[in-house]
Amino acid sequence: MNASRATSVHDLRRMARARLPRAVFDFVDGAACDERSARANVDDYGAVRFVPRLLRDVSHTSVATTLLGAPAAAPIAIAPTGLATLVHPDADRVLAREAARAGIPFVLSTAAGTALEDVAAVGEGRRWFQLYVFRDRSITERLIERAEAAGYDALVLTVDVPVVGKRDRDRRNGFTVPLRLTPATLLDFALHPRWCLDLARHGMPTMRNYELGDLGGRSHAEVVGALYDPGLTWEALAWLRARWKGPLLIKGLLALDDVLRAADHGVEAVVVSNHGGRQIDGTSSTIRALADWGPQAAARVPLLVDGGIRRGSDVVAALALGAQGVLIGRPTLYAAAAGGAEGVRRCLDILVEEMHLTLAHLGAASVAELGRHCVEVEARR
Ligand SMILES: Cc1cc2nc3c(=O)[nH]c(=O)nc-3n(C[C@H](O)[C@H](O)[C@H](O)COP(=O)(O)O)c2cc1C
């Protein structure tokens, strides 16, 4: 099937699975340990029940909104994903371009496979830079300066990687940075000649925003563990707040008290996230966290949420529970693998179309009309 004919994000995922070597698909699709958090992120949208209101004029519906005080064509941003160039050699620039075309922000990861300046060079569009704080803080300082110089609008500080999650699929597959050739990976690659051709043309994907030195094919967890600071405290947020004058987001909070504390530090928004279930396994899903305290927290600080969003109706559910917008991670990676720019465009079109349909069925002409009255949430079992 051609990516432009996909009818759902699920179709794009199936195509990505067929096109990518197993080790690469598993790196994207996989999560920590038993993958309970990752599954809950998706499944718990099923616990949100819509309450349609009928006989309202929905001849025109609008998904346009405001994100971080600036207009966005939809309440969606593309989440930061490290090493996205594994699924498509030009993934970061393709994602940035398609986000701009769709009128939504793109968040570039510190661990991206493309230099932040090269992504900025795609031109038009809102771009945010996701920051990890390094053990050597001068590396972080330098990244902030570069992001500022390259015109990134906002910084997104990710705080849920004190250590890297235990990702069993990656361990089983011997996933390393850069990918190491072993008899098993060679066979895996040989079965995916198109992907190999891209690799031969563009070289082995690796992180391009900082000097890695010779990694000698260490595991992803080892690489990240050696670089990012596990001793981070709230001091880092205060430091960054003083350092960065533009909009600052903190990503990876899941507890109400942490969200309120971040609000006290003067962040412009909090991304409620469990890193797509890739870090600690066995947490609450992010939509359950929102259902528990979303409106209360949103009264203090704008909330974005990510994890498990696979339908436009999921975006609507998150907004009804207090989020200003959402980030999507895996869906646009599946899409880039399935069909490059065309695939990503299709993915965003699908989500937006599903949002419009859900609004119309709910009797809401715009996202501003969404609220707690639009949904019931099934109690935890
Ligand atoms: C392959 C992959 C790489 C990721 N890399 C990063 C990263 O570098 N920084 C970050 O803050 N989050 C990273 N994330 C987490 C995403 O930003 C986001 O929180 C998560 O994917 C949302 O869940 P979803 O994939 O179900 O939409 C990554 C996720 C994936 C799937």
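Me: Where does Thr158 lie in this predicted model?

Reply: Thr158 lies in strand β7, which covers residues 154-158.

Me: What makes Thr158 count as buried?

Reply: Its relative accessible area is 4%. The cut-off for buried is under 20%, so Thr158 is buried.

Me: Why is the link between the side chains of Thr158 and Gln130 called a polar contact?

Reply: The distance is 3.1 Å. A polar contact needs a pair of N or O atoms within 3.5 Å, so the Thr158 and Gln130 side chains are joined by one.

Me: Which atom of Thr158 lies 2.7 Å from an oxygen atom of the ligand?

Reply: A polar side-chain atom of Thr158 does. Gly308 also has a part here, with a backbone N or O atom 2.8 Å from an oxygen atom of the ligand. On the nitrogen side, a nitrogen atom of the ligand is 2.9 Å from a polar backbone atom of Gly82. Taken alone, the ligand exposes 610 Å², and the protein buries 97% of that.

Me: How many residues surround the ligand, and which are the closest?

Reply: There are 24 of them, and the closest are Pro80, Ser109, Thr158, Asp306 and Gly308. By class, the shell has eight nonpolar, eleven polar and five charged residues. Helix α15 (330-362) supplies the largest share, three residues. Helix α2 (22-29) also gives at least two.

Me: What is the largest cavity?

Reply: The largest cavity is the space taken by the ligand.

Me: Why is Leu83 called buried?

Reply: Leu83 has 4% relative accessibility. Buried means under 20%, so Leu83 counts as buried. Leu83 sits in the loop between β4 (76-78) and α4 (91-102).

Me: What makes the phi of Leu83 worth a look?

Reply: Most residues other than glycine have a negative phi. Phi of Leu83 is near 55°, a positive value. Glu35 likewise has a positive phi, near 60°, and is found in the loop between α2 and α3 (36-43).

Me: Why is Phe134 called buried?

Reply: Its relative accessible area is 1%, and buried means under 20%, so Phe134 is buried. Phe134 belongs to the loop between β6 (127-131) and α6 (137-149). Its C-alpha atom is 5.6 Å from that of Leu227, although the two residues are 93 apart along the chain.

How values were computed:
Residues are numbered from 1 along each chain as its sequence is written. This is a predicted model: local features need pLDDT of at least 70, side-chain atom pairs count only at pLDDT 80 or more; totals for chains, interfaces and linings use all residues. Side-chain values use heavy atoms; hydrogens and water are left out. A residue is near a molecule or strand if one of its heavy atoms lies within 4 Å of it. A polar contact is a pair of N or O atoms within 3.5 Å; within protein, one must be able to donate a hydrogen and the other to accept it, and residues adjacent in sequence count only if both atoms are side-chain atoms. Accessible areas come from the Shrake-Rupley method with a 1.4 Å probe; for residues, only the protein chains shown count as cover. On a 1 Å grid over the protein atoms alone, a cavity is a set of points where a 1.4 Å probe fits but cannot get out, and a pocket is an open set with protein on both sides within 12 Å along at least five of seven lines; lining residues have an atom within 4 Å of a point. A molecule sits in a cavity or pocket if more than half of its atoms lie within 2 Å of its grid points. Helices (H or I, at least four residues) and strands (E, at least two) are DSSP runs, numbered from the N terminus. Ala, Val, Leu, Ile, Met, Phe, Trp, Tyr, Cys and Pro count as nonpolar, Asp, Glu, Lys and Arg as charged, and the others, Gly among them, as polar. Buried means under 20% relative accessible area, exposed over 50%, partly exposed in between (1.4 Å probe, protein chains only).
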